[in-house]
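Subject: Structure handover

Hello,

Here is the structure for your files. Please open it alongside this note. My findings follow below.

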Amino acid sequence: MSTFTVIHQQQRSELKMPKVTLDQWKMFHAVIEHGGYAQAADKLYKSQSTITYGIQKLQDQLGIKVLTIKGRKAVLTDAGEVLLRRSKTLLREADELERVASSLSQGWEAQINIVMDAIFPTCIVTEALNKLAEITPDTRIEFKETVLSGTNEALFDGTADLAITGTVPQGFLGEPLLNVEFQPVASPGHPLHQSGQPISLQDLKRERQLVTMDSGRKRVDSGWLGAEQRWSVNQMSIAIDQVSQGLGFAWLPVTRIRNQLEQGVLKPLVLKDGGVRFVQSYLVFKDPDQAGPGTLKLAELLTNICNEPACQKENHQA
């Protein structure tokens, strides 16, 4: 026996093929999800006899019973419960693999889903999307503004191809985009502006603070100051409007209130300590390997715009 034959046999032994096919696992899941063999057959566009044979072969190949019939319904055995739970990961990864292949073969995506934390300048995303539209005008864009954990939830749920977030969630990689400057502001007629002296944190705590609430299911509390009076709103634009009307003060991103500052509608508060805060924003892919050319191009455009000196100056100009 030649050396090549021995190595080839060893490789075949190491690369042992699975006994059960993905199609059989899909049948197994369909029977449980839809309540029976007939229902699974309708869902998978197969005959009932094909489903029955597939499940029986699965059990024979594994040497274990995964389903039992009670009345007219297929019910999981204890072993079936374990295999159903573990095989979900297998099917999900197989689906992801097929979507990666599809993305690589189809070229430009039909649609790109973007989520952006409300702290990030909308004008930057708009500029990037305008440039992308010149390259691929037929690609649809779904753009959603979120707050705090709502951005990262979209990544975990798989509903965002690209996210701009203030925190990179566990299991993902993020590229720094822009260090966003926040300032405490109030309308010129607000009592906080009347003393003419630098304001302490205790002074702030006695006044009403306007806070943009978390859009995610976690409802993370962004009112870090602990003000005695606080109004929480679900959109930053509402907070900006209410602060402009003198209803309280707020920490707001400079780029989101540029017009109000220039028009004198809002005025920065002069604090004794900590008058400026910065939040680093990051660009995060749902899956870099699965990202299509449109998503990759959009990420490149966003990065280039944020790296322009004019953009950096605009973000930090008081």
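**Strand pairing**

Val 185 has Pro 268 in β10 as its bridge partner. The model is a predicted one: local features need pLDDT of at least 70, side-chain atom pairs count only at pLDDT 80 or more, and totals for chains, interfaces and linings use all residues. Residues are numbered from 1 along each chain as its sequence is written, and side-chain values use heavy atoms, with hydrogens and water left out.

Strand β6 covers residues 174-186, and eight bridges join it to β11 (residues 277-285). That pair runs antiparallel. (Strands pair if DSSP finds at least two bridges between them; strands are DSSP runs of E with at least two residues, helices are runs of H or I with at least four, and both are numbered from the N terminus.) Glu 175 is partnered by Leu 283 in β11.

Strand β6 also has four bridges to β9 (residues 250-253), again antiparallel.

Strands β7 (residues 208-212) and β8 (residues 229-233) run parallel, joined by five bridges. Arg 208 stands opposite Gln 229 in β8. Four of the five residues of β7 are buried (under 20% relative accessible area; exposed is over 50%, partly exposed in between; 1.4 Å probe, protein chains only).

**Salt bridges**

The count is six (a side-chain nitrogen of Lys or Arg within 4 Å of a carboxyl oxygen of Asp or Glu).

- Asp 23 and Lys 46: the closest N and O atoms are 3.5 Å apart. Asp 23 is in helix α2 and Lys 46 in the loop between α3 and α4, so the pair ties together parts 23 residues apart in sequence.
- Arg 256 and Glu 145: 3.5 Å, N to O. This pair links distant parts of the chain, 111 residues apart. Arg 256 counts as buried, at 17% relative accessibility. Glu 145 is partly exposed, at 38%.
- Glu 300 and Lys 297: the closest N and O atoms are 3.4 Å apart. Both lie in helix α11, three residues apart, about one turn of the helix. Glu 300 is partly exposed at 39%, and Lys 297 is partly exposed at 24%.

**Surface charge**

Which residues gather in a patch of positive charge on the surface? They are Arg 85, Arg 86, Lys 88 and Arg 92 (patch residues have over 30% relative accessible area and no salt bridge, with like charges joined within 9 Å). Arg 86 sits in helix α5 (residues 78-106). Arg 86 counts as exposed, at 62% relative accessibility.

Best wishes

Definitions and conventions:
Patches are made of residues with over 30% relative accessible area and no salt bridge: like charges are joined within 9 Å, nonpolar side chains (Val, Leu, Ile, Met, Phe, Trp, Tyr) within 5 Å. Accessible areas come from the Shrake-Rupley method with a 1.4 Å probe; for residues, only the protein chains shown count as cover. Lys and Arg count as positive and Asp and Glu as negative; His and the chain ends are not counted. The place of a charge is taken as NZ of Lys, CZ of Arg, CG of Asp or CD of Glu.
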